[in-house]
Amino acid sequence: MSVAPSNRFQGGKAFGMLKARQERRLAEINREFLCDQKYSDEEDLPEKLSAFKEKYMEFDLNNEGEIDLMSLKRMMEKLGVPKTHLEIRKMISEVTGGVSHTISYRDFVNMMLGKRSAVLKL
């Protein structure tokens, strides 16, 4: 899913538009989680979702709404728990159910809110 800004804008302005579009898209997904009864007992859900959105945007370097293998590798290194490519592939496979090579924001939030996720134990 590639979101290309209009050719009328260049450089920083085009990047700013991509970031703003991504932020709106992630905020909409956060609203869906807030309205989902499955998470009604989750403590501090609005704050958690806000933090998840900020962290996700930090590592979605191409603003396409997906974190790929290298972005996830950088994220894990920054968190102080570096992983091999094989471990990262396994994490992505577990989070996405093996249907994707990237992690969407919805998958990311589901993983972070999961009570017994093996990914969080890695």
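This is a predicted model: local features need pLDDT of at least 70, side-chain atom pairs count only at pLDDT 80 or more; totals for chains, interfaces and linings use all residues.

Visitor: Why are α3 and α4 called roughly perpendicular to each other?

Guide: Helix α3, residues 69–78, and helix α4, residues 85–96, pack at an angle of about 105°, with their axes 10 Å apart. Angles from 65 to 115 degrees count as roughly perpendicular, and α3 and α4 are therefore described in that way.

Visitor: Which residues of α3 and α4 meet?

Guide: From α3 come L69, M70, L72, K73 and M76, and they meet H85, I88, R89, M91 and I92 of α4. The residues of this contact divide into seven nonpolar, one polar and two charged.

Visitor: What makes L69 count as buried?

Guide: L69, which is found in helix α3, has a relative accessibility of 15%. Buried means under 20%, so L69 counts as buried. Leaving aside neighbours within four places in sequence, L69 is in contact with H85, I88, R89, I92 and H101. As for one of these, R89, it lies 20 residues from L69 in sequence, while the two are 6.9 Å apart in space, C-alpha to C-alpha.

Visitor: What makes α2 oblique to α5?

Guide: The axes of helix α2, residues 45–59, and helix α5, residues 105–113, come within 11 Å and cross at roughly 130°. Roughly perpendicular ends at 115 degrees and roughly antiparallel needs over 145, so this angle makes α2 oblique to α5. The crossing in which α2 passes α5 is right-handed.

Visitor: Which residues form the contact of α2 with α5?

Guide: In α2 they are L45, K48, L49, F52, K53 and Y56, which meet Y105, F108, V109, M112 and L113 in α5. Here the division is nine nonpolar, no polar and two charged.

Visitor: Why does D44 count as partly exposed?

Guide: D44 is placed in the loop between α1, residues 11–35, and α2. Its relative accessibility is 45%, and since buried means under 20% and exposed means over 50%, D44 counts as partly exposed. D44 also has a positive phi of about 55°, although it is not a glycine.

Visitor: How do you know that residues 47–82 are listed as "domain: EF-hand"?

Guide: That name comes from the record, an unreviewed UniProt entry, which lists residues 47–82 under it. In the model, this span is 64% helix and 6% strand, and its end C-alpha atoms lie 26 Å apart.

Definitions and conventions. Residues are numbered from 1 along each chain as its sequence is written. Side-chain values use heavy atoms; hydrogens and water are left out. Axes are lines fitted to C-alpha atoms, for helices over the stretch in contact, and angles run from 0 to 180 degrees between N-to-C directions. Helices (H or I, at least four residues) and strands (E, at least two) are DSSP runs, numbered from the N terminus. Angles under 35 degrees count as roughly parallel, over 145 as roughly antiparallel, 65 to 115 as roughly perpendicular and the rest as oblique. Contact means heavy atoms within 4.5 Å. Ala, Val, Leu, Ile, Met, Phe, Trp, Tyr, Cys and Pro count as nonpolar, Asp, Glu, Lys and Arg as charged, and the others, Gly among them, as polar. A crossing is left-handed if the near helix is turned anticlockwise from the far one by less than a right angle, and right-handed if clockwise. Buried means under 20% relative accessible area, exposed over 50%, partly exposed in between (1.4 Å probe, protein chains only). UniProt positions are given in the numbering used here, feature names are shortened, and annotations may be inferred rather than shown by experiment.
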